[in-house]
Amino acid sequence: MTTVRLRSFGIVDALKDYYYMNNNSTKYQECALPPEQECEETQLTAVFMAYNPDRLQTTFRKIKEMLENEQYKQLVAEVVIVWNGPRDINESRPGKKLLDYSNTVKNGLRIVYPLKEGLPNDLMNRYRPDIVNVTKTKCILYYDDDGPFYSFDAVLGGFELWKRNANAQMGAMSRKINLNKRQEQEKQEIKYNSKSNDAVNDSN
């Protein structure tokens, strides 16, 4: 990845130059480098940051979907859980189920423990290559253990966005979306139409 660093106050000097010269100059209309692309990539690695064994049920459900659903199986090469909490993962029933599941899935699920490696409890542990050690894919999808967990189509859309801008971290899925009155009404209409279509298909 190419990193371009501005000298101190470089942007200030550039703005002064732009202001005092002809703003139609081709100097400010040129794009020096296109975005780095990885259009040949076909898979990603999903990394889940987790710390509380009492709230692993939803996380476990999403991990199973990624490793067992046929669509996800083609897209997800591996799932990594970064266990970032002081409590043991097996202190809860969902945690025990997750550990048992990790022992049955061949090369699909790994759990890493940065605190046991002497690192502090830090949200940035998920980005440490020496801990997470992602080697199967160039693309990494990061999740918190409370989601939000979007549909396969949303994940695929984020992956396609990353492929076209591969030298940056993509914020493809927002944690919260506030809808206005019209948007909320359209959302309910879409849900209603979707349920109606499902009912028709079931009857056929």
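**Terms and values in a predicted model**

Reader: Why does F159 count as buried?

Author: The relative accessibility of F159 is 3%. Buried means under 20% relative accessible area, exposed means over 50%, and partly exposed lies in between (1.4 Å probe, protein chains only). With 3%, F159 therefore counts as buried. This is a predicted model, in which local features need pLDDT of at least 70, side-chain atom pairs count only at pLDDT 80 or more, and totals for chains, interfaces and linings use all residues. Residues are numbered from 1 along each chain as its sequence is written, and side-chain values use heavy atoms, with hydrogens and water left out.

Reader: How many residues does the protein have, and what percentage of them count as buried?

Author: The protein has 204 residues, and 31% of these count as buried. W162 is also called buried, because its relative accessibility is 10%.

Reader: What makes F159 and W162 a stacked pair?

Author: Rings of Phe, Tyr and Trp (its six-membered ring) pair if their centres lie within 6.5 Å; planes under 30 degrees apart are stacked, over 60 edge-to-face, and the rest tilted. The ring centres of F159 and W162 are 6.1 Å apart and the planes are at 10°, so this pair is stacked. Both residues belong to helix α6 (residues 152-164), where three residues, about one turn of the helix, separate them. Seven aromatic pairs are found in the whole structure. Ring pairs also link F48, Y143 and F149 into a cluster.

Reader: How many helices and strands does the protein have, and in what order do they run?

Author: There are seven helices and four strands. Helices (H or I, at least four residues) and strands (E, at least two) are DSSP runs, numbered from the N terminus. From that end, the order is α-β-α-α-β-α-β-α-β-α-α.

Reader: How do you know that E160 forms a salt bridge with R164?

Author: A salt bridge is a side-chain nitrogen of Lys or Arg within 4 Å of a carboxyl oxygen of Asp or Glu. In E160 and R164, the closest N and O atoms are 2.7 Å apart, and the two residues form a salt bridge. Both lie in helix α6, four residues apart, about one turn of the helix. E160 is partly exposed because its relative accessible area is 27%, and R164 is partly exposed with 42%.

Reader: What does the salt bridge between R87 and D54 tie together?

Author: The side chains of R87 and D54 meet at 2.9 Å, N to O. R87 lies in the loop between β2 (76-83) and α4, and D54 in the loop between β1 (44-50) and α2, so the pair ties together parts that are 33 residues apart in sequence. R87 has a relative accessible area of 32% and is therefore partly exposed. In total the structure holds 12 salt bridges.

Reader: Is D130 buried or exposed?

Author: Its relative accessible area is 53%, so D130 is exposed. D130 also meets R128 in a salt bridge (3.0 Å, N to O), while R128 is partly exposed with 32%.

Reader: What is the phi of N133, and what is the omega between G147 and P148?

Author: Phi of N133 is near 55°, a positive value in a residue other than glycine. N133 sits in the loop between α5 (129-132) and β4. With a relative accessible area of 44%, N133 is partly exposed. For G147 and P148, omega is about 5°, and the peptide bond that joins them is cis. P148 is in the loop between β4 (139-144) and α6. Most residues other than glycine have a negative phi, and most peptide bonds are trans.
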